[in-house]
Amino acid sequence: MLEHDVPANAKQVGSYLADRLRNMETKRPIVTEVRGSGCLLAVEFSEDISGKLVEACIGEGILVNPVLPNAIRLMPPLNLTKEVADEAVAKIHKALESIL
């Protein structure tokens, strides 16, 4: 873990992922907040859509957790790359579009 500097990668790519998710806030007012630390992130919504969104994300191949009726949690692997983070955000966005 230390040899590959996994903690630093988690911090760097987690921050990148959070920023990409925050971009959804400007495009979709239903996204009210993105918060977290490292690769452990949550996305909060203004409506109770977590259940539907989780199902839609699974259909896109993304596993998220419904932590509240209006929030999901992302827990990607700590060796996440920016390319995979971009792909995940695109799939979450597509899933969100499909339920709205």
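**Figure 1. The largest pocket of this predicted model.** The largest pocket has a volume of about 230 Å³, in a structure that is a predicted model. Thirteen residues, written here as 13, line this pocket, and those closest to its centre are Ile62, Leu63, Met75, Pro76 and Pro77. If you sort the lining of the largest pocket by class, you will find 12 nonpolar residues and 1 polar residue, with no charged ones.

**Figure 2. Arg20 and Asp86, a salt bridge between two helices.** Here is one of the 7 salt bridges that the structure holds. Arg20 pairs with Asp86, and their closest N and O atoms are 2.2 Å apart. Arg20 belongs to helix H1 (residues 6–27) and Asp86 to helix H3, so this pair ties together parts that lie 66 residues apart in sequence. As a reminder, side chains of opposite charge can pair when their charged atoms come close.

Figure 3. The side chains of Lys94 and Glu60 meet in a salt bridge with an N to O distance of 3.9 Å. Lys94 sits in helix H3 and Glu60 in helix H2 (residues 50–60), so the pair ties together parts that are 34 residues apart in sequence. Lys94 counts as exposed, because its relative accessibility of 52% is over the 50% cut-off. Glu60, in turn, has a relative accessible area of 22% and is partly exposed.

Figure 4. Take a look at Arg35, whose side chain meets that of Glu44 in a salt bridge (2.7 Å, N to O). Arg35 has a relative accessible area of 30% and is partly exposed.

**Figure 5. Val34, a buried residue in strand E1.** Val34 lies in strand E1, which covers residues 31–37. Val34 counts as buried because its relative accessibility is 6%, under the 20% cut-off. What does Val34 touch, once neighbours within four places in sequence are left aside? Its contacts are Ala18, Leu21, Arg22, Glu25, Ala42 and Val43.

**Figure 6. Arg28 in the loop between H1 and E1.** Where is Arg28 placed? This residue is in the loop between H1 and strand E1. Arg28 is partly exposed, with a relative accessible area of 25%. Not counting residues up to four places away in sequence, Arg28 touches Leu96, Glu97 and Leu100. For a sense of scale, Arg28 and Gly59 are 21 Å apart in space, C-alpha to C-alpha, and 31 residues apart in sequence.

Conventions
Residues numbered from 1 in each chain as written. Predicted model: local features only at pLDDT ≥ 70, side-chain atom pairs only at ≥ 80, totals over all residues. Heavy atoms only, no water. 1 Å grid on protein atoms, 1.4 Å probe; cavity = no way out; pocket = protein on both sides within 12 Å on 5 of 7 lines; lining within 4 Å. Points joined across faces, edges and corners; volume = space filled by probe spheres on them. Nonpolar A, V, L, I, M, F, W, Y, C, P; charged D, E, K, R; others polar. Salt bridge = Lys/Arg side-chain N within 4 Å of Asp/Glu carboxyl O. Helix = DSSP H or I, 4+ residues; strand = E, 2+ residues; numbered from the N terminus. Buried < 20%, exposed > 50% of the residue type's maximum accessible area, 1.4 Å probe, protein only. Contact = heavy atoms within 4.5 Å.
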